[in-house]
Every structure is written in structure tokens, then in C-alpha cells.
Amino acid sequence: MTVSLSRAEARRIAIAAQGLAERRPAGEPGRAHLKRVFERVGLIQIDSVNAVARSHYLPPFARLGAYPQTLLEDAAWGRRKQLFEYWGHEASLIPVELQPLFRWRMARAEAGQGTWGNVARFGAERRDFIAAVVREIEGRGPIAAGDLSEGGKAVGAWWGWSDGKRAMEWLFWSGRITTATRRGFERVYDLTERVLPAAVANAPTPEPADAQRELIRIAARAMGVATEGDLRDYFRMDVADARARIAELVGAGELEPATVQGWGRPAFLAPDVRRPRKLAGSALLSPFDSLVWRRERAERLFDFRYRLEIYTPAEKRTHGYYVLPWLQGDRIPARLDLKSDRAAGLLRVKAAHAEAGVNPDAIASALAVDLSAMARWLGLKDVALDGGEPLDEALRRTPFE
């Protein structure tokens, strides 16, 4: 049997699967709340841009409200680690208990397989240097690439990596080392077995097919309804691996074939998926939130064409530098170019854009509540409206908390 879904049904399933339809904690969120967020989404993408806050802090805020940022920092880089860093969906924070599911990817990296060509070549050609780096980490404990006694100096401009940084990234990719902590935003590396909880480091390594099936299961639960491409993209799996594992899960009755109105391609439904009839929440989403990080899926779900314009020259930008979609109920009616002006203590709305067909006055009041909440969470005293769009004008007519 193939399940038929309307686009609205698929949209509500996807939002609920991402934990964006849940009631937020009444008090201050704690470690258990953060753990449940990661159990729901599987992983959170890391990004360095700090225009509002670094991206990885934003998805928990969208789901929990005003949680202490130190909660995420302690879970990722403190002594009682709940999370580790690896290439999940790009660089990501992932629950530590999932680390064995990525060892097949680490083994392929060590064998020189994968798409990271320059680092793979470096790993093949500079084995003696890499072995020396490992010995230094073993002897000195957690160190950054720039702290290495040899090869620590970067070359070239912004992305000019030193030999030490290349060695560290190859060792990170192959799972030999991982991030012990961060210094500012700089990774400080140590041997993986010294960073992970012993129970995780000593856990048996699953067969690649078993690990890949479990990653597809996690992706399916996190998305609710998804195409083959969506499932593959969530953990950036190869086409052949993902296709084979999806077929196996369908055959075992663990994924349900589905069609979604207007998608034009087969979809798959996670088992026991929640199918809400109505959604009432709202949230400002990171550009790298897992609800919208696959841009063509966001377009299929919400008729929302979303492109990040950070690297677009300012005069050619359509919506702004760091633009956050605003989710309300089961739609995305607006997007906002935001900036934390920390010196002035202001959350600056550089521009607020209502989507086509949306009445700015109908959404301004609810949007103002979310902007005020974000400003308070960021430790900023007020919201400043800098733009001249109709939604900016509607916000100016709206009282802020």
C-alpha cells in the first residue's frame, strides 16, 4: 500500500517530526530537554558565522525557547560529553552514542575513499608527518593545529591551511582524533578514545550496512516524510548506499511508500509518524536548521525558495546577509535579515520580508513576540527595526514586549 498525502499533510508531518510542534518547557530547559532535541533531529550542523549567534545555538532555541547556551557548550565540549563533532550533515554535533554508526565513513576516509580530495591526497602522501602529529597529540594532550611544533603555521589567505591543520583534519575525518574542546571557535583536538565516554569508545563497530540502515532510520524519523534524496542528504550518504538501505527498510516494512501532492517523485513515511491536523507554534529558524537545510525540500514543503546570500555582493542580495526563516504554524510567512549588535545591545532587523500573499499586519504581532524573545535570550536589551519593507513598517506599528 502507498500512502497518499496532501502537501499540507506532509508539511505538518515534517514540522512535527522536527520537534517544532511541541510545547516548550515551562521553566529553564536543562540537559534532558537538550538531549530530547538531539534525539528528535539526530544532529545539528555547526557553522562559524556569528551574525546573530553561531548557527548551532539556534535550533535548540527554536525548539526549547530561552535555554542557557552553556548547556550546549557543556554537552559538546565539557567534561560530561553528550555530543561529539564529526562530518554528519557537514560538520555537525551528534549524540555520542551514535559515534559507532560513522565508523564505516571513518574507515573509508582512512583508506582514501570519499570526496574530500585535497585532504585525502595529503593523508596518502604525508603518512610520516601525520604519524608524528599523532605522537605529539599522544604526548601533549589536547592541542590546536596552530600549537603543533611542526607545520602549525598557516599559508596563504583566509582558507590557507597549514600542513598541521591538514594533518589534523585528515585525522579528524578518519576518526583518529576528535574535538576535545574549542578555544573561541578554534578546534582543540585529542585522541578520540580520550574524548568519548569509555562505553562509546569501546562499543563494537557495526557492519557498514547495519550502521547505514540505522542512519536512514534516524533521518526518516527526523523528517517524517521524505524522498530518497532527502533521506540520503540528511547524513550525506552516497547514492548507492542510501538506495540499497532504503530498499531494505521498505522490504522489512520499516519505511512506508508514499506519494505527496506536487512532489513528482516517490516518498517514504517513517513508522508511527505523528500526523497533526493543526499546528500553532512559531520559531525563528537558523539558515542551517534541519527543517530547511535541504533547500529544494523546503521549496517542496512550503513553496519557500531559500538561498543564503552571505557570499553574494551586498548590492546583489535579494533578502540580506544572514536571513532567518520565520515558521508560524505550518507555513513560513516571512524571512528576516538579523544581526546582533552587541556593542549597542540591540537585535537589529536589517530587513523583514513577508512572503508573497502574506498580509504584514496579520503576522507582525506574533513575529514581534518571537523577536523580543530572541533578543532577551541573546542578552540584548531591545529590537531595532532598520528596514523599509512593508513588514518592517507593520512591526513599527506593533508594541514589543
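Residues are numbered from 1 along each chain as its sequence is written. Because the model is predicted, local features need pLDDT of at least 70 and side-chain atom pairs count only at pLDDT 80 or more, while totals for chains, interfaces and linings use all residues; side-chain values use heavy atoms, with hydrogens and water left out. The mean pLDDT (the predictor's confidence in each residue, from 0 to 100) of the protein chain is 94, with 97% of its residues at 70 or more. Over residues 154–160, however, the pLDDT is below 50, and this stretch has seven contacts (heavy atoms within 4.5 Å) beyond near neighbours in sequence. Where pLDDT is low, the predicted coordinates should not be read in detail.

Helices (DSSP runs of H or I, at least four residues) and strands (runs of E, at least two) are numbered from the N terminus. Helix 7 (residues 127–140) packs against helix 8 (residues 163–173) at about 80°, with axes 10 Å apart; axes are lines fitted to C-alpha atoms over the stretch in contact, and angles run from 0 to 180 degrees between N-to-C directions. The two helices are therefore roughly perpendicular (65 to 115 degrees; under 35 counts as roughly parallel, over 145 as roughly antiparallel, the rest as oblique). Residues that meet here include Phe129 and Ile130 of helix 7 and Met168 and Trp170 of helix 8.

Turning to strands, Ser282 lies in strand 10 (residues 282–284). The Ser282 side chain makes a polar contact with that of Asp370 at 2.7 Å (N or O atoms within 3.5 Å; within protein, one must be able to donate a hydrogen and the other to accept it, and residues adjacent in sequence count only if both atoms are side-chain atoms).
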